[in-house]
Amino acid sequence: MTQAILREILDYAHRANPYPLYEELRKTPVLHEADGPYVVSKYYDIQSLLHDPRVSSDARNLKSPAADPLAADAQEETALPPSFLRLDPPEHDRLRRMTNRPFGPPHSPRRVYDMHGELKDIVSGLIDGIDNPDRIDLVDQVSYPFPVTVICRVLGVPREDESRFHTWADTIAAGLDPAPDADREERDKIVHNARTELGMYLAGLIEERRKKPGDDMLSELASSHGPDGAMTTMEVLSTAALLLIAGHETTVNLITNGMLTLLRNPDVLGRLREDPKLSVPIVEELLRFEPPVQLVPQRTTLADIEVRGVTIPKGASLWLVLASGNRDPDRFDHPDRFDPERGDIQHLGFGSGIHSCFGAPLARLEAQLALSELARRLENPRLLEDPPPYRQNAVLRGPRHLPIACDGIRP
Amino acid sequence: MSGDGSLDRLKRDGRIVVVGASLAGLRGAETLREEGFTGSLTMIGDEPYEPYDRPPLSKQILLGRATADHTLLPRRRAIDAEWRLGVPATGLDMAARRVRLGDGDEVEYDRLLIATGVRARPWPKEDEAELDGVFVLRTRDDAYALERSLAQSPRRVLVIGAGFTGSEIASACRERGIAVTVAERAAAPLVGALGGVIGAVAAELHHENGVDLRCGVMVTGLEGDSTGRVRTAHFSDGNSVEADVVVVALGATRNTEWLAGSGLGAGPRGIACDAGCRAFDIRGIVTDDIYVAGDVARSPHPLFGYQFLSLEHWGNAVSQAETAAHNMMSESADRRPHIWVPAFWSSQFGVNIKSVGVPTMGTEIVIAQGALNERRFTGVYGYQGRVIGAVTFDQSKWLQFYQQQIETTAPFPPPFPTVDRRLEGQHPRDADFPDPSVPTHGPTVTLSGYAPDDRRLTFTPARH
């Protein structure tokens with residue numbers, strides 16, 4: 001019966017609303033059946049394990065990767081060395097520290113802040129491009145292209161190359177979310193080619209930046225003069241790929257889930273229209289209510305760990321169901337209510353601990369700007385389909401399309 | 001106060017006086033309102049300022065990066081209080097329930113919250129302390145005076161005492177490119193709080209950042225020039241140093257003198273209270289109407305053998321004030337104990353140092369993660385086979401785990417593997433706290449098992 005819940009969570013039929021399944025899941029806070037992973041679903045347990053040094057993110061510590069129903073999907077074929085997402089300290093710390101140096105405080109406190117104007121222009125441009133207010137696909141027209149453009153700007157991809165970059169990103173993202181009936185071999189080949197082309201393009205760009213550095217992240221990663229020295233080209237490539245993939249799909253989902261939730265809660269949408277500053281608590285509550293990463297499937301135990309009387313053995317695969325912890329009534333009052341005014345929104349949407357979302361400050365700003373601009377400019381927006389069609393992916397969960405209509409676009 | 005309506009009357013139109021208008025006083029007052037108190041609230045503070053935050057005073061303020069209004073504490077809610085700022089409390093009449101003020105006024109209370117905190121321990125020789133260029137650092141005025149003199153590019157600053165405050169001041173001076181000498185009586189910086197193993201790392205931080213660190217010496221005298229300006233400091237090893245600015249960072253003194261003779265169990269080591277924050281009188285009997293919170297309080301902690309802990313920690317001030325205010329507004333069955341696990345942080349020489357538990361109780365230490373020589377590590381302290389404290393240098397994200405280990409009295413040394421365990425993490429070693437008979441200025445945690453009316457000033461970390 002318990003195994004059935006896991007299967008149901010992965011079952012596409014429940015993609016639009018997995019939350020009743022999570023509620024069921026929390027009745028067995030540490031769930032384990034047969035050869036499957038240990039599934040942890042309550043807030044405080046997840047929070048503890050995210051800070052537990054006996055838990056590894058390095059897939060090489062997994063006893064039997066095959067036991068994990070998501071393992072095959074999650075790890076793409078790649079010749080690149082593992083990115084810091086899949087490493088433990090000290091390698092993780094070194095790479096993340098070097099990546100952070102040109103990105104955030106203390107060395108670059110203004111990188112994200114200074115992008116405010118540029119991000120707003122990108123969003124405005126995308127909304128300007130909406131030609132038919134009777135049928136808008138918010139995903140294809142706004143929330144999908146926005147983060148790719150932002151990543152290009154952060155990395156320092158020249159404007160004239162941005163469209164090539166979009167094409168590769170589209171192909172790779174589609175590969176992460178295969179339609180069930182697609183020809184797997186053919187799909188893998190296309191994705192592999194896109195990865196190779198993207199990798200070669202980035203490698204060329206890195207060489208250029210080494211010779212002639214700009215003030216973009218790629219230049220700084222390739223030629224960092226910090227105490228840790230410079231990254232190798234392979235390390236820069238692997239890091240750039242991580243920023244692209246991890247920062248893309250998740251942000252798309254955050255914005256799309258955000259607009260969907262606002263359209264289901266028109267009073268909140270109305271308040272946001274009046275007061276753009278509300279976008280700050282709205283995005284935090286969204287990260288709790290509809291987190292773009294539903295669960296963390298790639299952790300492994302280095303020792304036996306006891307959680308609520310259950311001993312999770314060394315070498316076991318862990319699933320930390322963030323989206324369930326976010327709806328845990330032991331942590332949040334009325335967890336199924338979308339309420340940006342709740343005083344306490346310490347969600348798990350960005351994870352926690354040493355692997356907490358690297359791009360969080362950027363993702364927050366992107367979502368805040370996108371949602372407040374959409375609220376301000378779309379006249380009388382409404383959903384054309386509810387629920388909308390979802391992507392296959394149960395981990396990076398979000399609508400594939402969000403068809404909406406409005407009476408017009410305000411300037 | 002059980003079901004006879006007296007609590008309701010107190011909540012509705014009682015008179016509550018809070019002495020001490022800093023972090024603990026403010027958070028206590030806010031909690032009282034949060035708990036439904038609608039009576040009169042009086043806030044008494046000896047400084048003329050609204051409640052402000054102190055941690056930035058030895059950091060951003062000394063670097064000239066923040067201004068006064070940036071240090072005001074954010075308010076959680078309106079507290080609708082009568083503020084008596086710039087007026088110290090000078091006496092307490094427990095029988096008549098009255099607080100005497102420095103301006104001669106008296107304020108009556110039904111419940112009293114004492115949060116008078118600590119002040120910087122001054123340089124013991126008064127004439128030398130009065131020389132121009134000699135500073136302490138505790139208040140906003142202290143910080144601005146020191147910052148102004150640092151802005152005038154002194155040729156050299158002498159910091160007396162390498163505890164957390166002294167080290168942060170030295171760090172700020174170096175960041176501003178000012179030459180600095182640090183004189184420390186113990187063998188290394190921070191040893192009083194973290195022991196010699198960690199102290200050695202702190203000493204390296206000083207050296208690498210160009211601090212002229214002199215350990216194992218005392219400053220025996222300060223000498224001024226003819227205009228009354230400090231010029232030279234003499235050390236116990238016979239050396240001397242020329243300095244335009246001298247900062248005395250020898251720890252803190254608890255603000256309890258105003259309670260002398262009141263009958264309350266208050267002395268140089270603070271005001272003793274029960275775990276519910278109610279003050280003891282000198283007979284060791286707990287009072288019903290006087291509560292204590294923050295740096296000035298000393299309360300028994302069940303996790304640490306019920307020893308009376310007095311903690312000069314930011315988080316402790318907040319938590320204890322909330323508990324005190326809650327208990328003031330509750331029937332006895334609804335009261336909560338103050339069982340906050342000690343925690344503090346410091347920022348110096350670009351390193352974020354954080355600690356949980358009571359390292360000073362530790363006899364052994366193991367570097368559970370990272371490496372001392374990389375300046376990024378997690379040190380875990382053991383006492384009688386259990387985990388009693390932990391410290392991180394630039395690894396604070398692991399601290400929550402070790403706090404849970406402390407709370408569950410987990411075995412020491414940790415018997416399990418972790419990420420980033422190195423060779424030096426295999427074996428515990430002596431944590432190397434200084435002999436308690438040699439006073440140091442710096443421990444932020446002082447432990448004692450003595451009765452509340454005991455007023456002897458003794459330093460008693462647990463030793464084997």
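Colleague: How far apart are the C-alpha centres of domain 1 of chain B and domain 3 of chain B?

Modeller: They lie 31 Å apart. The bounds come from an automatic or database domain assignment, and for chain B that assignment gives domain 1 (6–119 + 253–334), domain 2 (126–251) and domain 3 (343–443).

Colleague: How many residues of domain 1 of chain B are in contact with domain 3 of chain B?

Modeller: Five residues of domain 1 of chain B, in contact with six residues of domain 3 of chain B. "In contact" is for two residues whose C-beta atoms, placed from the backbone, lie within 7 Å. The domain 1 side of chain B divides into two nonpolar, two polar and one charged. Here Ala, Val, Leu, Ile, Met, Phe, Trp, Tyr, Cys and Pro count as nonpolar, Asp, Glu, Lys and Arg as charged, and the others, Gly among them, as polar.

Colleague: Before we go on, what are the ground rules?

Modeller: This is a predicted model, where local features need pLDDT of at least 70 and side-chain atom pairs count only at pLDDT 80 or more, while totals for chains, interfaces and linings use all residues. Residues are numbered from 1 along each chain as its sequence is written, with chains lettered from A and ligands numbered from 1 in the order in which they are written.

Colleague: OK, helix 8 of chain B. Mostly covered or mostly open?

Modeller: Mostly covered: twelve of the 15 residues in helix 8 of chain B are buried. Buried is for a residue with 20 or more other C-beta atoms within 10 Å of its own; 12 or fewer is exposed, in between is partly exposed, and C-beta atoms are placed from the backbone. Among the buried ones are Asn316(B), Glu322(B), His326(B) and Met328(B).

Colleague: What do the buried residues of helix 8 of chain B pack against?

Modeller: Helix 2 (23–34), strand 7 (111–114), strand 21 (286–292), strand 22 (297–301) and strand 23 (307–311), all of chain B. Helices (H or I, at least four residues) and strands (E, at least two) are DSSP runs, numbered from the N terminus.

Colleague: And the largest nonpolar core, which residues touch the most other members?

Modeller: Val246(B), Val247(B), Val292(B) and Ala293(B), out of 124 residues. A nonpolar core is a set of buried Ala, Val, Leu, Ile, Met, Phe, Trp, Tyr and Cys residues joined through C-beta atoms within 7 Å. Helix 7 (residues 196–208) of chain B gives this core its largest share, six residues. Apart from this core lies another, of 74 residues, including Phe146(A) and Leu369(A).

Colleague: What is Val246(B) in contact with?

Modeller: Leaving aside neighbours within four places in sequence, its contacts include Gly133(B), Leu158(B), Ile160(B) and Ala233(B).

Colleague: Switching topic: how many residues of chain A are in contact with chain B?

Modeller: 14 residues of chain A, in contact with twelve residues of chain B. The chain A side has six nonpolar, four polar and four charged residues.
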